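Here is a quick tour of a protein model with a ligand in it.

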Amino acid sequence: NNSKVKGKTFVIGTDVTFPPFEFANKNNKYVGIDMDLIRAIANEQGFKVKIKALGFNAAVQAVESGQADGVIAGMSITNERKAQFDFSKPYFNSGVVMAVAKNSKIHKLSELKGKRVAVKTGTSGADYANSIKKKYGFKVVTFDDSNNMYQDVSTGNSVACFEDHPVMQYAIKQGTKLKIVTKPALNAPYGFAVKKGHNQALLQAFNQGLADLKASGTYDSIKAKYLGADE
Ligand code: GLN
């Protein structure tokens, strides 16, 4: 029953650039798996969305402070975050990988000793790097978006970055001059999130819409549109 969301407009925060989940296309419209998914669910459940590409950390904070109703930004469902957020059913599996410049000889964590590593503020990649930096003796520098983080590595300022596997894979396919050198760590699926205890009707409508789109095959065609048929 979606009567509580029908006709309403919800403000949804997202990342600035996190392809294939959210990115601005040539016409400056936000597209990607998350964007198509939230719009298709809104359409099916009879509500409207106002997308705000704030950056990952800012989008998460906007939901916490009540300035946004929900966040969809390739956000990993973690126990830690469940203290502040209610998550939807998972919709995509992910994990954190280490990437280095294409011509780099570094291929494992133990080779990061004394080096500089780039991460994106507030992400699981940043959490992962911070949790192991003492052990492996590297220094962490933070960026607000993935593009600037990749650039810090491709230009050689940092020797590595930690990024979500599907996103790093996609960027490399699109020509980013990095390579993935580790297996995914901190494996966790993505979910849509609202502030804990708030916007429960929106969360339920998301889950119902997701289930319907999965059943109708629309969810698979959204994924296939960005990733090809076999993922
Ligand atoms: N999945 C990661 C997280 O939830 C990164 C999300 C992102 O960078 N948009 O922290």
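Which element gives the most to the lining of the largest cavity? That would be E10, with 3 residues. Before going further, keep in mind that this is a predicted model.

**The cavities**

The count comes to 2 cavities of 30 Å³ or more. The largest cavity holds about 110 Å³ of space. H3 and strand E10 (160-164) are the elements that give two or more residues to the lining of the largest cavity. In total, 15 residues line the largest cavity, and Phe 18, Lys 120, Thr 123, Ser 124 and Asp 164 lie nearest its centre. By class, that lining has 5 nonpolar, 5 polar and 5 charged residues.

**The pocket**

Now for the open space. The largest pocket has a volume of about 210 Å³. Helix H2 (residues 56-64) supplies the largest share of the pocket's lining, 4 residues. Among the residues lining the pocket are Phe 56, Asn 57, Val 60 and Glu 64, along with Arg 81, Gly 122 and Asp 127. Sorted by class, the pocket lining has 3 nonpolar, 4 polar and 4 charged residues.

**Around the ligand**

There are 13 residues around the ligand, and Gly 74, Arg 81, Lys 120, Ser 124 and Asp 164 come nearest. Arg 81 also belongs to the lining of the largest pocket, while Lys 120, Ser 124 and Asp 164 are among those nearest the centre of the largest cavity.

| Side chain | Ligand atom | Distance |
|---|---|---|
| Ser 76 | nitrogen | 2.8 Å |
| Arg 81 | oxygen | 2.7 Å |
| Lys 120 | oxygen | 2.7 Å |

**A closer look at Lys 120**

Lys 120 sits in strand E8. Is Lys 120 buried or exposed? Lys 120 counts as buried because its relative accessible area is 2%, and the cut-off for buried is under 20%. Its side chain makes a polar contact of 2.6 Å with the side chain of Asp 15. Leaving out residues up to four places away in sequence, Lys 120 touches Asp 15, Phe 18, Phe 56, Ala 126, Phe 143, Asp 144, Asp 145, Ser 146 and Met 149.

Thr 121 lies in the loop between strand E8 (116-120) and helix H3 (124-136). At 23% relative accessibility, Thr 121 is classed as partly exposed, because that class runs between 20% and 50%. Which residue's side chain does Thr 121 join in a polar contact of 3.2 Å? The partner is Asp 144. As for Ser 146, its C-alpha atom is separated from that of Thr 121 by 9.6 Å, with the two residues 25 apart along the chain.

**Helix H5**

One last stop is helix H5 (residues 165-173), where Pro 166, Val 167, Met 168, Tyr 170 and Ala 171 are buried. Just after H5, Gly 175 takes a positive phi of about 110 degrees.

Methods:
Residues numbered from 1 in each chain as written. Predicted model: local features only at pLDDT ≥ 70, side-chain atom pairs only at ≥ 80, totals over all residues. Heavy atoms only, no water. Buried < 20%, exposed > 50% of the residue type's maximum accessible area, 1.4 Å probe, protein only. Polar contact = N/O pair within 3.5 Å; in protein donor to acceptor, adjacent residues only side chain to side chain. 1 Å grid on protein atoms, 1.4 Å probe; cavity = no way out; pocket = protein on both sides within 12 Å on 5 of 7 lines; lining within 4 Å. Points joined across faces, edges and corners; volume = space filled by probe spheres on them. Nonpolar A, V, L, I, M, F, W, Y, C, P; charged D, E, K, R; others polar. Near = heavy atom within 4 Å. Contact = heavy atoms within 4.5 Å.
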